[in-house]
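My notes follow in the order I checked them.

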Amino acid sequence: MLKKFLLGIILLLVAGGGAYVYLLNRPGPDMASLEAAYMKPADRFVDVDGLNVRVRDEGPRDAPVIVLMHGFIYSLETWDAWASELSKTYRVVRFDLAGHGLTGPDPKERYSAVERAAFVGEVMDALGIEHAVVGGNSLGGLAAWKFAVLAPDRVDALILVSAAGYEVNGVGDEPVEAPAAMKLFLKTAPAAGVEATLKKIFSDDSYVTPERIELLGDMMRRDGNGDAFLASIAEFTLPDPTTDLSSITAPTLIIWGEDDLVLPLDHGTRLHEAIAGSQLVIYPGVGHVPQEEAAEESVEVVIDFLGALDLEAP
């Protein structure tokens, strides 16, 4: 999962020590500028056990709730297309994970997979949500299914989009230290590195727009996020999930891009085999974020999936 971010960074390192020093000392955007640029009317900061979490809450308040979580280094904007459609019928709640986006670093450093799963419940508690459909992409998908294991009575259904779970890039029972190039990238997020990373995340380079490069770069350079990324990697593990996955009873939809270079399709088929009764939908020519690269097709599948369930508002 982590090594896929290195291609553009190596090119930056050959620019020499001066560039290295400049990147490390370049100030990130201030919070006032970030809030002015990215906060929307549906956004607010919610105190969740000492961490001010940016939450975007849309749709009718008396409708069934869908909670969506983004992937590593990303932010809640990744769900814009889905939320635009889903919020017509459902209450759609999404938030910047701890150490990400405008939420920023967690003073308690709750960055392990188990802690992130527990934090889902804390966010729901802070919003007065007893149960919900829970979904996530990549790291957010890992938190989603682990929350379904931790609190099955609170998960009405699962939506896993290229969700982490199985060992990748040597990360298994023990964490793997991030290479020096990745540490530099995560702490500085230079535009060339952000662009190279997005070209690994998307299959079609036309999705790597200046707007996406600017958004990801700004969120990564938010004060404290770089150190939070490194702290997350330092305790990130992917032990064999088979037993936990087999215990999941919530209706589960799994969505994957056939050209995913971050988490290969094999991980999706293994999740599908491990979670009884799950549905697997694969999109050819799509990379790691089908919610963006196959937005219209995938949200229609989600709408059909949810429409077949007897969901109740919490």
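This is a predicted model: local features need pLDDT of at least 70, side-chain atom pairs count only at pLDDT 80 or more; totals for chains, interfaces and linings use all residues.

Entry 1, strand 7. I looked up strand 7 (residues 252-257) and found 6 of its 6 residues buried, so the strand is largely enclosed by the rest of the structure. I took buried as under 20% relative accessible area, exposed as over 50% and partly exposed as in between, with a 1.4 Å probe and protein chains only. Helices (H or I, at least four residues) and strands (E, at least two) are DSSP runs, numbered from the N terminus.

Residues are numbered from 1 along each chain as its sequence is written, and side-chain values use heavy atoms, with hydrogens and water left out.

Entry 2, pairing. I count two strands as paired if DSSP finds at least two bridges between them. Strand 7 pairs in the parallel sense with strand 6 (residues 155-163) over 4 bridges, and L253 is the bridge partner of I159. Strand 7 also pairs in the parallel sense with strand 8 (residues 279-283), over 5 bridges. There, G257 has Y283 as its bridge partner.

Is N137 buried or exposed? N137 has 2% relative accessibility and therefore counts as buried. I located N137 in strand 5 (residues 132-138). Contact here means heavy atoms within 4.5 Å. Setting aside neighbours within four places in sequence, the contacts of N137 include M69, H70, W79, H288 and Q291.

A nonpolar core is a set of buried Ala, Val, Leu, Ile, Met, Phe, Trp, Tyr and Cys residues joined through side-chain atoms within 4.5 Å. In the largest one, of 73 residues, I found that F95, L186, L198 and M220 touch the most other members. Helix 6 (residues 139-150) gives the most to this core, with 7 residues. Apart from it lies another core of 22 residues, W82, V92, I159 and L306 among them.

I listed the contacts of L198, leaving aside neighbours within four places in sequence: Y74, V208, R212, I213 and L216.
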